[in-house]
Amino acid sequence: MSELEIFCTSGTPFESDTNVLALTETLLLMNPLSRPGVRLMDRFADQVHFDDCKISRGNADKELKQRTKHLDKLRNKISENIGTYYAGTDASLPLSGQYQAIAASILFSGRVEHWHARHVAGKVTAPDVELYAICSAIVNATLRDDCTDIFIFTDSMASARRAVDPSIHSGQGHSVAVCEALQTWFTCKDGQSITFVYVPSQLQWDVHYKAHEYATELKVALGPRPATSFDSLHMQAALSYGTSWNVLFQDPEYRGRNFLQLKTVDGAVAQPRGKAA
C-alpha cells in the first residue's frame with residue numbers, strides 16, 4: 001500500500017481485528033435455555049419478581065425516605081422467615097482504568113451472615129460486573145437445602161432483569177448460570193420465589209452498603225491480559241472512533257467548507273461526539 005492508502009485506511013474501523021483478539025467472553029449463540037417456551041421467564045414468570053421504584057428529581061428527598069422505610073420494613077419481615085435468604089450485591093469499577101472491576105455478594109438469613117464472596121471481573125462495564133455479583137449470590141443461595149425464597153438487594157435493576165434473560169448479550173454466561181440455577185431450584189420444590197429489590201446507591205442502606213464496602217476494599221491491578229467483556233470492547237471502540245473523528249473533523253477538507261459551525265454555551269466551537277448505542 002502507498003503512504004496515501006495507508007493514511008486513508010488507518011483508524012478504528014481497520015484496527016478492529018486487534019481489539020477482537022482481546023475479547024475473552026464467550027457468547028452462546030445456540031444456547032438451549034434461550035428457546036421460546038424453555039426460557040426461565042416463559043416457564044416461571046410468576047415466581048420472579050422485581051421490587052423497583054423511580055426516584056424523581058423534583059421530589060427526591062421525600063421519595064428516598066419512603067424507599068428507606070420500605071426497605072427497612074421488608075428486611076425486618078424477611079429476616080424473620082425461616083428459609084428466606086437475602087443478599088446484598090454490588091460492584092466496584094474504578095474510574096482510573098488501572099484496576100479491575102470487583103463483584104461482591106454477601107448472603108444472609110435471619111440477620112446472620114452465611115456466606116460472602118468477591119470476584120475479580122477484569123475489564124468490563126458496570127452492568128457486566130453488577131450482573132456477576134447477582135449471579136454469584138443466586139447460585140449460592142439456590143444450593144442451600146432449606147432455601148425457599150431469595151431476595152437480591154441491588155442498585156442495578158437493569159442487570160437484575162438481564163440476569164433472567166439468557167439471550168445473547170454481554171455477560172450472557174452469568175445470565176445462563178442464573179437461569180440454570182433458578183430453573184433447577186423452581187423445579188425441585190413448589191412455591192419458591194426470587195425478588196430483586198432496588199436500593200438507590202445514595203441511601204448507603206444496610207446489606208447493600210455492606211456489599212459496596214466489601215467490593216471497594218479490594219484493588220487488583222489491570223495487568224496485561226484481563227478478562228474483557230463484549231460491552232467493554234464496544235465502549236472502547238466507540239470512544240476510540242469518536243477521538244479519531246474529532247481529529248479528522250479539524251481538517252477543512254474532511255469537514256467541508258459549508259458545514260454549519262455551532263457554538264457551545266461558553267462560545268467555543270462545538271465538537272462532534274461519538275456515543276455507543
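Reply: A residue is called partly exposed when its relative accessible area lies between the limits for buried (under 20%) and exposed (over 50%), computed with a 1.4 Å probe on protein chains only. The model is predicted, so local features need pLDDT of at least 70 and side-chain atom pairs count only at pLDDT 80 or more, whereas totals for chains, interfaces and linings use all residues. Residues are numbered from 1 along each chain as its sequence is written, and side-chain values use heavy atoms, with hydrogens and water left out.

The buried residues of α4 are E63, L64, R67, L71, L74, R75 and I78. Viewed down the axis of α4, they fall within an arc of 105 degrees, so they line one face of the helix; the arc is taken from the directions between the helix axis and the C-beta atoms. Covering these buried residues, by contact (heavy atoms within 4.5 Å), are elements including β1 (48–51), β2 (84–92), β5 (149–154), β6 (193–198) and α8 (206–217). On the other side of α4, D61, K65, K69, K73 and K77 are exposed.

R67 forms a salt bridge with D51, their closest N and O atoms being 3.2 Å apart; the term requires a side-chain nitrogen of Lys or Arg within 4 Å of a carboxyl oxygen of Asp or Glu. Because R67 belongs to helix α4 and D51 to strand β1, this pair ties together parts that are 16 residues apart in sequence. Both R67 and D51 are buried.

R75 forms a salt bridge with D72, with 3.7 Å between the closest N and O atoms. Both residues of this pair lie in α4, three residues apart, about one turn of the helix. D72 is partly exposed because its relative accessible area is 25%, whereas R75, at 14%, counts as buried. Salt bridges with shared partners join D72, R75 and D206 into one network. In total, the structure holds six salt bridges.

Key. Helix = DSSP H or I, 4+ residues; strand = E, 2+ residues; numbered from the N terminus.
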